[in-house]
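Subject: Structure handover

Hello,

Here is the structure I said I would pass on. My notes on it come after it.

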Amino acid sequence: MTTQYKYMTADEAVKMINSGDHVFVQGSCSIPEALVAALARRGNELRDVILYNAFALGRRVSPLCKPELKDAFHIDSFFVSNAVRGWVNEGYATTTPRFFGQVPILFRDGSIRLDVALINCSLPDEYGNVSLGVSADLTPSAVECARTIIAQINPRMPFTYGDSVIHISKIDALVKVDDPLAETPDVEPTESEKAVGYYIADHIKDGSTLQVGVGGVPNAVLHALRSHKHLGIHTEAMTNGMVDLIEMGVVDNSRKNIEPGVSVASLALGTERLYRFLDNNRSILFRDISWVNDPFIIAQNRDMVSINSCLEIDLSGQVCADSIGTRIYSGVGGQHDFVYGSSRSIGGQSFIAMLSTTSSGKSKIKPILTPGAGVVTTRFQTNWVVTEYGAVNLRGRNMVERARLLISIAAPQFREELDREAFNMLGYAYRRWR
């Protein structure tokens, strides 16, 4: 017999939120947009509501980001993405620097109080379980710690397994919606991106376990791995390119040490094809971000490979991936955790992959980082750096060697200038050391 659940409207549900409350908003591609819109409509009734989110790909800019709502809602983002990026950089919102994998600790130890969690769930199964779908990441800890849970029940949300499954009895208010998830479209890699992908693929052994970031260059890497065998996945974000490798049999997870036989992720970013692939698929395990991104768990996989991108890198190997000067663009995510975890793995490697120039034609390899830029991966941790001009390994290299190696993969038109700046910074040793 089908269980009947009591639903209410989004406007009724958000009446549970009071002035001064601390509210978690689920992210990834599953922002509970009907609830957020209803909350925005209460803006003239509320004051000082603090909202926390992490990586949150919105189909539009958040309706909370309006000047007339600036005293009603204060947004604090652990990872600045498109839904709130402009609001942060206009000075109306803020961001809390923290490794993505350590945010659940802030909830669980009470450093950050949570009164309400707004989440986006699948339809319930026959046992009354719903799934957090494409966004396990921070949400299990938020559901655990918040005193009030308000959920969208959404047939578009895939039912995924692992830490993403909760019982509907834990939810205080149910709102029935039929909202598509945000999508990141498949884009064919450019020739330059493909070159980066092949340089990296040449250094990855069969049987390796992969963490791959998001974007054009990481997707090109996945494309270049199609002739590999017995790869595994232990990653922060599941993407469309990983589905291709699973369906081709390239990924079989047979040689993983942690959760062998299944692909592990904490969130998903992709298209409808990815979301349908994930639905009721027990070969994919979604886990709390504090577990997935734990460097000491990551390191237990032999031949662990992390592949991430960046905004710029200096000649000593300092990597900026979260800001453009003082303007916050994103966040640390899991890059640091996976770089460190792979460095502790037997046979592990990490790759920082990028095109050599920005969209405006400026070099991403710089003598020093842009003033105000944040260091996400320190020079003490950087391993491989890859552009369309080659791959260089900074492991065990001194400052002079690093500068020379990085200049060798910079865009040719910038190499002379970089060479001159390297000499100015490093002095006689730069000319003498060969």
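The notes below cover a pocket, a helix and the cysteines.

This is a predicted model, so local features need pLDDT of at least 70 and side-chain atom pairs count only at pLDDT 80 or more, while totals for chains, interfaces and linings use all residues. Residues are numbered from 1 along each chain as its sequence is written, and side-chain values use heavy atoms, with hydrogens and water left out.

Helix 12 (335–344) and strand 22 (349–353) each supply at least two lining residues; helix 12 gives the largest share, three. Helices (H or I, at least four residues) and strands (E, at least two) are DSSP runs, numbered from the N terminus.

In helix 8 (residues 240–248), Asn240, Gly241, Met242, Val243, Leu245 and Ile246 are buried (under 20% relative accessible area, 1.4 Å probe, protein chains only). Gly249 follows helix 8 and has a positive phi, near 85°.

There are zero disulfides (pairs of cysteine sulfur atoms within 2.5 Å) in the structure. Cys121 is buried at 0% relative accessibility, and its sulfur is too far for a bond because the closest cysteine sulfur, in Cys29, is 16 Å away. Cys310 is buried at 8%; its closest cysteine sulfur, in Cys320, is 7.9 Å away, also too far for a bond.

Regards

Note on methods. Buried means under 20% relative accessible area, exposed over 50%, partly exposed in between (1.4 Å probe, protein chains only).
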